[in-house]
Amino acid sequence: MESKLNQIIFDQFDALESKLNGNKSLAIHQHRKKAIESLKESGLPGNKNEEYKFTRLTTFLEKNLDFDLKNGKPNISEESVQSSIIKNIEGSTLVFINDKLSSGLTEIHQEHEQIQITKLEDASRNNEESFNHYFSTNQTVTKDGFLAWNTALTEDGIHIQVPENTESKKPISLYFFSDAQSQQVVNKPRVLIELGENSEVTFVENFTTVGNHISFNNSVVEIIANKATRGSFIKVQNDSDNAVLMSTTQIYQADTSSFSCHTFTFSGKIVRNNLNFVIDGEGAESNMNGLYLTKGSTHVDN
């Protein structure tokens with residue numbers, strides 16, 4: 001292992017496990033344990049890692065972030081949130097502040113009222129078989145250390161279930177806000193999206209840092225496109241000059257499904273996009289589109 005950050009993550013995992021009590025037996029924690037073992041085996045990608053030779057992210061994080069700092073209670077105003085919402089997009093708006101879904105700022109459009117949004121831990125508790133079938137489905141694609149890190153320390157992730165035969169003409173937007181007003185902030189968003197058979201929906205993802213300190217988001221979004229689904233995931237990356245984003249998007253597709261991922265990158269300090277498609281059925285169609293239009297010292301690696 002080339003990184004001292006590994007040990008910090010191991011210590012954070014031990015601290016998380018010590019407070020779980022009876023929840024240690026939940027399916028989600030079994031996934032956490034597998035992830036921490038994977039990280040112990042491979043470690044975070046160092047300077048000699050071929051996949052990250054153009055983006056030495058681990059080195060940057062160790063030099064510039066204090067991982068002993070604990071995220072304080074966020075204090076982002078509703079005005080700051082509303083000013084960052086992309087205009088003229090109708091539909092539902094899910095707002096996350098430092099990883100946690102904000103019920104007060106989230107707005108669900110009536111077209112999406114049948115869509116279920118639950119905490120990952122609750123999904124793990126209420127339907128273990130289904131959860132195990134979908135959560136971390138694509139982990140075998142890569143032993144990426146940042147993916148393992150996110151999984152090992154997942155606490156506040158959400159599960160979005162779109163019922164079968166649901167056709168939505170309005171998008172569901174996911175806004176992730178980082179409160180870096182008083183200190184550095186480290187977040188690890190986790191979202192599992194399950195599209196029921198013959199459904200159609202579009203998602204929009206956006207990250208915004210409020211404040212002048214460095215923010216780091218180690219984000220993982222898993223999308224399960226079941227048979228005959230049609231979906232799109234639009235990533236709009238236009239954060240502050242002190243924002244570091246490690247974005248992993250995992251897409252699993254069944255028979256005759258069609259899914260597109262569109263990545264638009266404009267600003268941020270460092271942006272790393274890992275995009276993995278698993279095609280598991282005949283007649284599936286996958287589209288990967290991207291546009292980056294950067295300036296200054298922004299570093300983008302797709």
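The model is predicted, so local features need pLDDT of at least 70 and side-chain atom pairs count only at pLDDT 80 or more, while totals for chains, interfaces and linings use all residues. Residues are numbered from 1 along each chain as its sequence is written, and side-chain values use heavy atoms, with hydrogens and water left out.

**Stop 1: the cavities**

Cavities and pockets are found on a 1 Å grid over the protein atoms alone: a cavity is a set of points where a 1.4 Å probe fits but cannot get out, and a pocket is an open set with protein on both sides within 12 Å along at least five of seven lines. Lining residues have an atom within 4 Å of a point. Points are joined across faces, edges and corners, and a volume is the space filled by probe spheres set on them. The count is 3 cavities of 30 Å³ or more.

Select Phe207, Ser215, Asn217, Gln237, Asn238 and Asp239, which are among the residues lining the largest cavity. This cavity holds about 80 Å³ of space. Strand β11 (243–253) supplies the largest share of its lining, 3 residues. Strands are DSSP runs of E with at least two residues, helices are runs of H or I with at least four, and both are numbered from the N terminus.

Next, select Asp99, Thr154, Glu155, Asp156, Gly157, Lys188, Pro189 and Arg190, which line the second largest cavity. Its space is about 40 Å³, and its lining divides into 1 nonpolar, 2 polar and 5 charged residues. Here Ala, Val, Leu, Ile, Met, Phe, Trp, Tyr, Cys and Pro count as nonpolar, Asp, Glu, Lys and Arg as charged, and the others, Gly among them, as polar.

**Stop 2: the largest pocket**

The largest pocket has about 840 Å³ of space. Select Gln12, Lys70, Asn71, Glu155 and Lys188, the closest to its centre of the 26 residues that line it. Helix α1 (5–18) gives the most to this lining, with 5 residues. By class, the lining has 11 nonpolar, 6 polar and 9 charged residues.

**Stop 3: the second largest pocket**

Select Glu51, Arg272, Asn273, Asn274 and Leu275, the closest to the centre of this pocket among its 32 lining residues. Elements giving two or more residues to the lining include α7 (145–152), β12 (258–267) and β13 (270–279). The lining comprises 10 nonpolar, 16 polar and 6 charged residues.

**Stop 4: two loop residues**

Most residues other than glycine have a negative phi. Select Asn88, in the loop between α4 (78–84) and β1 (92–97); its phi is positive, near 65°. Asn88 counts as exposed because its relative accessibility is 82%; exposed means over 50% relative accessible area, buried under 20%, and partly exposed in between (1.4 Å probe, protein chains only).

Then select Ala228, in the loop between β9 and β10. Ala228 also has a positive phi, of about 65°. With a relative accessible area of 24%, Ala228 is partly exposed.
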